[in-house]
Amino acid sequence: MDTFKAHLNKFITVTDEEYVSIFSFCREIEVKKKQSLMLQGEICRSMFFVSAGCLRKFFVNEKGTEQTTEFAIENWWITDTFAYERQTQSDFCIQAVERSAVLVIDLQQQELLLQKHPIMERYFRMIYQRAYAASERRIRYLYEMSREELYVHFSTLYPWFIQRIPQYLIASFLNLTPEYLSEIRAKLRS
C-alpha cells in the first residue's frame, strides 16, 4: 500500500484520508512466477500496478513464438491499453516474470475513482504520457539501431533488467533469438 502512495505522490498530492479512499478502488493480489493475469483472447478488464516483482506483456506470433512487448517492474502499470479502453478481447497475455504483488483496477472502478477523485485524472494522464513517450522511443530505436546497439542501449539504460530478467525474455523483448543474444554478450565481454 505504501509503495503506491509514494508513487502517487511523485505526480500528485493526496492526503492520507484521500489515499485510503483511492486505494479502496483497487484490489491487491499476489501472483506466482509464470502465473498469467490475462490470456490472449480474453476480454481485457483490468490494469495492473506492480507493487513488487515484475510482469511482462507478450503475444504468440504466427510461428508460435512468444514475443515480449513490455515489462513492468515496481511502480509501473501494465495492460493491453487498446483492449482495456474498449473492453474487448486482448491480443496479448500478461504474466508474472517473478513472484509479484499487484494492484488491480477494472475500468468501472477506475471511472468511479476518477469521479470521486478528479486529481487522479491528472495522475493517469501523466502516466499515459510517459508510457506513450517510452513507446515512441522504443519504436525509433528498433528502426535506427542494430541489434547489438539495441542490446547495449537497453543494458545501459536498464541494468537492473539484465540482472533480474531471464536472458530468453530479454531476447524476446529485443526481437532476438536467445542464441544471438548470447553471441552479442560474449562479443561484448571479449
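**Helix packing and pockets**

1. In this predicted model, helix α4 (residues 107-116) packs with helix α5 (residues 119-144) at an angle of about 125°, and their axes lie 6 Å apart. Because angles of 65 to 115 degrees count as roughly perpendicular and those over 145 as roughly antiparallel, α4 is described as oblique to α5. On the α4 side the contact is made by Gln 110, Leu 113 and Leu 114, and on the α5 side by Met 120, Glu 121 and Phe 124; by class, these comprise four nonpolar, one polar and one charged residues.

2. The largest pocket holds about 1,400 Å³ of space, and among the 39 residues that line it, Glu 70, Arg 130, Ala 131, Ala 134 and Ser 135 are the closest to its centre. At least two residues of this lining come from each of β3 (46-60), β4 (66-73), β5 (77-78), α3 (81-86), α5 and α6 (147-157), with α5 giving the most, at 14 residues. The lining of the largest pocket is made up, by class, of 24 nonpolar, seven polar and eight charged residues.

3. For the second largest pocket the volume is about 220 Å³, and its lining consists of 14 residues, of which Thr 65, Glu 66, Gln 67, Ser 172 and Leu 176 are the closest to the centre. The elements that contribute two or more residues to this lining are β4 and α8 (167-173), and α8 gives the most, with four residues. By class, the lining of the second largest pocket has five nonpolar, six polar and three charged residues.

Conventions. Residues are numbered from 1 along each chain as its sequence is written. This is a predicted model: local features need pLDDT of at least 70, side-chain atom pairs count only at pLDDT 80 or more; totals for chains, interfaces and linings use all residues. Side-chain values use heavy atoms; hydrogens and water are left out. Axes are lines fitted to C-alpha atoms, for helices over the stretch in contact, and angles run from 0 to 180 degrees between N-to-C directions. Angles under 35 degrees count as roughly parallel, over 145 as roughly antiparallel, 65 to 115 as roughly perpendicular and the rest as oblique. Contact means heavy atoms within 4.5 Å. Ala, Val, Leu, Ile, Met, Phe, Trp, Tyr, Cys and Pro count as nonpolar, Asp, Glu, Lys and Arg as charged, and the others, Gly among them, as polar. On a 1 Å grid over the protein atoms alone, a cavity is a set of points where a 1.4 Å probe fits but cannot get out, and a pocket is an open set with protein on both sides within 12 Å along at least five of seven lines; lining residues have an atom within 4 Å of a point. Grid points are joined across faces, edges and corners, and a volume is the space filled by probe spheres set on the points.
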